[in-house]
Amino acid sequence: MTYEFKPRWFDRDVEEFNETVERFLDTEMVPNDEQARIDGHVGHDIWRQAGALGLLCTDIPTEYGGAGADYRYEAVLHEAMGRKGLTGMSPSVHSIIAHYFLNHGTEDQKSKYLPRLANGSLVGAIAMTEPNAGSDLKGIKTKASFDGEHYVLNGSKTFITNGYLAELILVFSKVDSDSAKDQFSIFILETSNQPGFSVGKRLKKLDSKPKIPLSSFSITSDSHLTRCWAERLAKGYIS
Ligand SMILES: Cc1cc2nc3c(=O)[nH]c(=O)nc-3n(C[C@H](O)[C@H](O)[C@H](O)COP(=O)(O)OP(=O)(O)OC[C@H]3O[C@@H](n4cnc5c(N)ncnc54)[C@H](O)[C@@H]3O)c2cc1C
């Protein structure tokens with residue numbers, strides 16, 4: 001059973017955006033949802049199309065390629081996907097990554113990555129959890145060492161939303177450092193041209209159509225990082 005209501009925070013502009021979102025989901029995602037459940041992801045094309053239509057990173061400023069709107073526009077997409085019970089794509093995690101860049105990145109990092117997250121040419125993910133470290137993040141084993149020019153990451157991550165398609169991953173890692181303040185940090189990993197990056201099996205968290213669509217979710221996967229080059233997100237350390 002579906003339900004229809006108009007939230008109080010809708011105005012004319014948000015309503016128009018909602019119509020675009022509904023049309024996109026109904027024509028491009030709903031017909032392919034069964035396949036997305038089998039594959040565990042929607043494929044890159046849907047991300048590129050959503051980006052081209054301006055559906056991603058809507059609350060990121062226009063100077064960085066976003067729509068310069070507010071969180072209502074983000075909520076429209078997340079809510080519509082949840083209501084239709086769609087899966088295999090998490091624009092909300094994608095948006096979280098964008099906000100890490102917006103709030104913590106250097107100007108260069110913002111200019112380099114935010115426009116590509118907004119236009120869907122990079123699918124974003126965040127990798128914190130490891131096979132042996134979930135709630136207690138200080139137990140992670142992934143390590144970043146500085147080789148004099150680059151940071152080199154080694155480790156394994158699991159349960160990564162958007163992990164199967166991700167082209168830009170923020171990796172939470174230990175840092176090889178003598179400073180007590182500098183034991184953990186967040187690293188920017190572009191997965192293309194990284195021979196040491198591999199994605200393992202896709203994890204099936206929910207493999208049948210839920211009877212009551214609750215919210216959108218994504219199938220996630222293991223990833224392995226062996227001598228991957230990464231850049232440190234400015235102000236990205238967590239003590
Ligand atoms: C749908 C989904 C998407 C996810 N997406 C991502 C993602 O994009 N990126 C990512 O990094 N991770 C992701 N995760 C992983 C998620 O963040 C972890 O599952 C979470 O951190 C918990 O880790 P864990 O499963 O190892 O549980 P554990 O850490 O083993 O915890 C198991 C239980 O013990 C409890 N517990 C743990 N420690 C204590 C304590 N000290 N005291 C009392 N109780 C405790 C916990 O509350 C929990 O109920 C995702 C998980 C799911 C289900």
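Student: Which residue in E3 is the bridge partner of Ala144?
Tutor: Keep in mind that this is a predicted model. Ala144 is partnered by Leu153 in E3.

Student: How many bridges join strand E2 to E3?
Tutor: Strands pair when at least two bridges are found between them. Here 4 bridges join E2, residues 143–146, to E3. The two strands run antiparallel.

Student: How many residues lie between E2 and E3 in the hairpin?
Tutor: There are 4 residues between them. In the turn, look at Gly148: its phi is positive, about 100°.

Student: What is the secondary structure of the chain as a whole?
Tutor: Count the elements, then read their order. The chain has 6 helices and 7 strands. Along the sequence the pattern is α-α-α-α-α-α-β-β-β-β-β-β-β.

Student: What share of the residues count as buried?
Tutor: Burial is judged by neighbours: 20 or more other C-beta atoms within 10 Å make a residue buried. Of the 239 residues in this chain, 37% count as buried.

Student: Which residues are closest to the ligand?
Tutor: Met128, Thr129, Gly134, Ser135 and Thr161 are the closest, in a shell of 15 residues. Strands E1 (124–127) and E3 (151–160) each give two or more residues to that shell. E1 gives the most, with 3 residues.

Definitions and conventions:
Residues are numbered from 1 along each chain as its sequence is written. This is a predicted model: local features need pLDDT of at least 70, side-chain atom pairs count only at pLDDT 80 or more; totals for chains, interfaces and linings use all residues. A residue is near a molecule or strand if its C-beta atom, placed from the backbone, lies within 6 Å of it. A residue is buried if 20 or more other C-beta atoms lie within 10 Å of its own, exposed if 12 or fewer, and partly exposed in between; C-beta atoms are placed from the backbone.
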